[in-house]
Amino acid sequence: QAQTAPDVDKTIDICRRLINLYPDDIRGHQTLGVAYLVIEEWDKAQEPLEWFYRADKENGIAVSNLTDLYRARGMYGQAKRILDEFSATSPDNFNFRTALALHHLCVGDLDEALLEAERAFSLSPTDQGILGLKGDIRLCRGEMEKAESEYRKLINSENTVPSIWGRMGV
């Protein structure tokens, strides 16, 4: 289990107070659920993330957050059901394509994972997360040179976040 950071505890407290005042606040539910994801409190994350998804099923971020939770809990069938539902309405959504790539990676379907990561990349070619995901998938496929190439794109990108440097051992 991850360590509870003071900032996450503060976020959880603020979100709970917000939801008490405004029970239908979508952002409050989403942020509360993601805060629990960050500290790996899966049981506590489930209710607000399912609420967020039910409130806005056409939101790619809601889909991504909920499927992240389901994958973390080993609920791959549930995650796939949500992804299948969303694909009918928004097949070209970046968050959906990224979540689908992650799903395929987690269940070991590396060819489909790479295909979906490439589709996500085509929708947002400057997104650093998808560059890292492409590198991770290639690494799992044993394509070391191609993985390194993806990771180097991360390091060389204009807005590189230092936390990704660990992928390259920097």
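Modeller: Let us begin with K10, which lies in helix α1 (residues 6-21).

Biologist: Why is K10 called exposed?

Modeller: Residues count as buried under 20% relative accessible area, as exposed over 50%, and as partly exposed in between, with a 1.4 Å probe and protein chains only. K10 has a relative accessible area of 57%, and therefore K10 is exposed. The C-alpha atom of K10 is separated by 9.7 Å from that of A35, 25 residues apart along the chain. Please bear in mind that this is a predicted model, in which local features need pLDDT of at least 70 and side-chain atom pairs count only at pLDDT 80 or more, while totals for chains, interfaces and linings use all residues. Residues are numbered from 1 along each chain as its sequence is written, and side-chain values use heavy atoms, with hydrogens and water left out.

Biologist: What makes H104 count as buried or exposed?

Modeller: H104, which is placed in helix α6, has 10% relative accessibility, so H104 counts as buried. Leaving aside neighbours within four places in sequence, H104 is in contact (heavy atoms within 4.5 Å) with D109, E112, A113 and E116. Across the protein chain of 170 residues, buried residues make up 39%.

Biologist: How many helices and strands are there in the protein chain?

Modeller: The protein chain has nine helices and zero strands, where helices are DSSP runs of H or I with at least four residues, strands are runs of E with at least two, and both are numbered from the N terminus.

Biologist: Why are α3 and α4 called roughly antiparallel?

Modeller: Helix α3 (residues 42-55) and helix α4 (residues 60-72) pack at an angle of about 150°, with their axes 9 Å apart. Axes are lines fitted to C-alpha atoms, for helices over the stretch in contact, and angles run from 0 to 180 degrees between N-to-C directions. Angles under 35 degrees count as roughly parallel, over 145 as roughly antiparallel, 65 to 115 as roughly perpendicular and the rest as oblique. The two helices α3 and α4 are therefore roughly antiparallel to each other. Their contact includes W42, L49 and F52 of α3 and I61, L66 and L69 of α4, and its residues divide into 12 nonpolar, two polar and one charged. Here Ala, Val, Leu, Ile, Met, Phe, Trp, Tyr, Cys and Pro count as nonpolar, Asp, Glu, Lys and Arg as charged, and the others, Gly among them, as polar.

Biologist: What makes α5 roughly antiparallel to α6?

Modeller: The axes of helix α5 (residues 76-89) and helix α6 (residues 94-106) come within 11 Å and cross at roughly 150°, which means that α5 is roughly antiparallel to α6. Among the residues making this contact are Y76, L83 and F86 of α5 and F96, L100 and H103 of α6. The residues of that contact divide into eight nonpolar, two polar and one charged.

Biologist: How do you know that α8 is roughly antiparallel to α9?

Modeller: The axes of helix α8 (residues 128-140) and helix α9 (residues 144-156) come within 8 Å and cross at roughly 165°, so α8 is roughly antiparallel to α9. Their contact is made by residues including L131, D136 and R138 of α8 and M144, E150 and K153 of α9. This contact of α8 with α9 divides into six nonpolar, three polar and six charged residues.
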